[in-house]
Amino acid sequence: LPGSRFPLEGASDADIGSNAQLSYTLSPSEHFRVEEETSKSRSKSLFLVLTKPLDRETVPVHRLVLTASDEGKPSLTGTMELLITVLDANDNAPQFNQSVYSVHLSEDALQGIVVARVNATDPDMGSNRELTYKIDTFVPTSASDLFHINSESGEIRLTGALDFETVTFYELHVKATDKGTPPLSGHCKVELEVLDVNDNAPEVWVTSLSVPVSEDASVGTVVALLSVSDRDSGANGRVQCSVWPTSPFGLETRFLGSYSLVLREALDRERVSEYEVEVRAEDGGKPPLRASRGVRVPVCDVNDNAPAFSQAVYTVLARENEAAGAELARVWARDPDEAGNGRVSYSLWEGVSGASVSGGGWRPASSYVSFEVRAVDAGEPPLVGNATVQLFVVDENDNAPVLLPPAGGGPGLDPFAGGVVGGSVEAASDAGSETLWAWAAWGAPAGQVVAKIRAVDADSGYNAWLRYEVLEPRGKGPFRVGLYSGEVSTARALEEADGPRQRLVIVVRDHGEPSRSATATLSVSLVEGGEKALAVGGSSSLPGLVLPAEGGAAAGSASASTNVWLVVGICAVSSVFVLALVLYGASRWAPRSAVLSGPAPATLVCASEVGSWSYSQRQSRSLCVADGAGKSDLMVFSPNLPPPPSVPAAKDTSQAEPSSLLGT
């Protein structure tokens, strides 16, 4: 401190008295002066006094000249050089070359990298200038795990992972302390700014979801609300969103980071019942990062589909004599809706009356030929589908041929040479037989028709196609019967050797499987002339036997009547023949599916591969030509019903017989 005294060794003078009296002077100095003790002692002490504080860092060494002078005459002097070395004191704190260090570091910087290197100096000497570095304060405090400073070099290194999204700025207060006594310290600040990198993918959240969506929802309906964000900043945090598949949904945004998933197109649950929608987000970094969020959108059903049958028209073939309750066919309607909207119930529908028939109850038989089946779902409101069922009854051979009663009892009513007397045979009996009577003249040529066996079969097709055979007598007899016409004619010229009477047993069979049959016994009387014939004709024991008359008014009347009916019969046959030719030609030149129809009560006539025929209750007359090989015959069967009693026999004979066989 100023005023400090440092003793000096004084000078000596060998003289005595005043010549030995010494005085001292010091070369000019602002820090020191020389001071002599003023006491009265024999030896006086000499001191170097500090007048101003020393600063080693300014003048580390002071060089002074101390001069001693005696009081002799002349005065003599002696000099001495004072070399004053200023010892260091720890009077200087360390000083950093920068008070603030600014550092920019990417958040993906690797651990161990040098963040900064701080440097401080101390002008003191020795241990007073030896420094140690330390991070005194971390801002935020969590940074203590991220940074480390070398206490000797002042090098700061990264010891953890930076995250821009967590902390974007760090502040480190560094202290440098010397080793003096007492130690002195200096301070600086390191400011570290973390630079963002695109290390965070976008994030998508569903904040609201309105499902299921009704399939009749309008376009623009909001299905879900979504929030999208990216923790990065700048372009790295700018997010673009899209939806996949691109239809039927889309995205709309009104606020940054908020999106609405809306309906862009109409839905159809029957086509797609559920959608897996993916919302995709992509940021603007390089390279860009992506994220997605799946949204499950089920579609709620509405009753927008009516039941639909697999066929608009069902054709059903049912065998006759089916028991009540037997299954005829199975129809099925599909409704693609679900639950009650797709649950289908069936009923028969009467289109005329508009009534539904779901159970038992009487119905006209015609309604079973073609009727409508209705399928109704259980939706609200219910939807309806319809299908037409056309029922065709397949005939079974359950009826035996039935012999018809005589056509008439009067003479001249039969256009053939002989009359026919017949008796009925029960249709259910295959073994029953009836005796018929006819006559023939001796000398009649071969081929002369003497009688006609008439029979019908209530079945149809093959089952109603009849053939006639002579069962007895076997072998070659004088008579034969037409295989399909039933006409009994002479096989050769009749002779007296054939006897007065011939008994024929004729069997009528159908073509069913197994075939059914009926038999008739025909007794043919052989006579010589017209008078005998008239005599036989007038006999009450042979009812229905017709003989030709000779002369007289009766014979003339019979002949005229016969001629008239022959003309009528020939005209009828010719008309049918011409009509058949026209129809046949039309069917040959018209398309295969051509159908001629008229309003008359109808018989559906179809040529099958075997030449059989079938009938229908349909109110139209149709001629169908089947594909396949051509046929040489066109056969038309008349309805297999006996003539009503009120119709005259002559009309029955003349009109019915031409329609039984038509050859081409």
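Me: What does V578 count as: buried or exposed, or in between?
Reply: V578 counts as partly exposed, because its relative accessibility is 48%. The classes are buried under 20% relative accessible area, exposed over 50%, and partly exposed in between, with a 1.4 Å probe and protein chains only.

Me: Before we go on, what kind of model is this?
Reply: It is a predicted model: local features need pLDDT of at least 70, side-chain atom pairs count only at pLDDT 80 or more, and totals for chains, interfaces and linings use all residues. Residues are numbered from 1 along each chain as its sequence is written, and side-chain values use heavy atoms, with hydrogens and water left out.

Me: Where does V578 lie?
Reply: In helix α2, residues 552-589. Helices (H or I, at least four residues) and strands (E, at least two) are DSSP runs, numbered from the N terminus.

Me: Which residues make the nonpolar patch?
Reply: F577, V578, L581 and V582, with about 340 Å² of surface. Patch residues have over 30% relative accessible area and no salt bridge; like charges are joined within 9 Å, nonpolar side chains (Val, Leu, Ile, Met, Phe, Trp, Tyr) within 5 Å.

Me: And the overall numbers?
Reply: The protein chain has three helices and 41 strands. Of its 664 residues, 36% count as buried. It exposes about 37,400 Å², and carbon and sulfur atoms supply 54% of that. Areas come from the Shrake-Rupley method with a 1.4 Å probe; for residues, only the protein chains shown count as cover.

Me: Now strands. How many residues of β21 are buried?
Reply: Five of its six, so strand β21 (residues 258-263) is mostly covered.

Me: Which strands does β21 pair with?
Reply: Strand β18 (residues 222-229) pairs with β21 in the antiparallel sense over five bridges. Strand β20 (residues 249-255) also pairs with β21, antiparallel, over six bridges. Two strands pair if DSSP finds at least two bridges between them.

Me: What about the turn between β20 and β21?
Reply: The two strands form a hairpin with two residues between them. G257 in that turn has a positive phi of about 85°.

Me: Switching to charges. How many salt bridges?
Reply: The count comes to 23. The rule is a side-chain nitrogen of Lys or Arg within 4 Å of a carboxyl oxygen of Asp or Glu.

Me: Give me one with R296.
Reply: R296 and E274 meet at 2.8 Å, N to O. R296 lies in strand β23 (residues 290-300) and E274 in strand β22 (residues 274-283), so the pair ties together parts 22 residues apart in sequence. R296 is partly exposed because its relative accessibility is 46%.

Me: Which residue does E396 bridge to?
Reply: R319, with the closest N and O atoms 3.4 Å apart. E396 sits in the loop between β30 (384-394) and β31 (402-403), R319 in strand β25 (residues 313-319), 77 residues apart.
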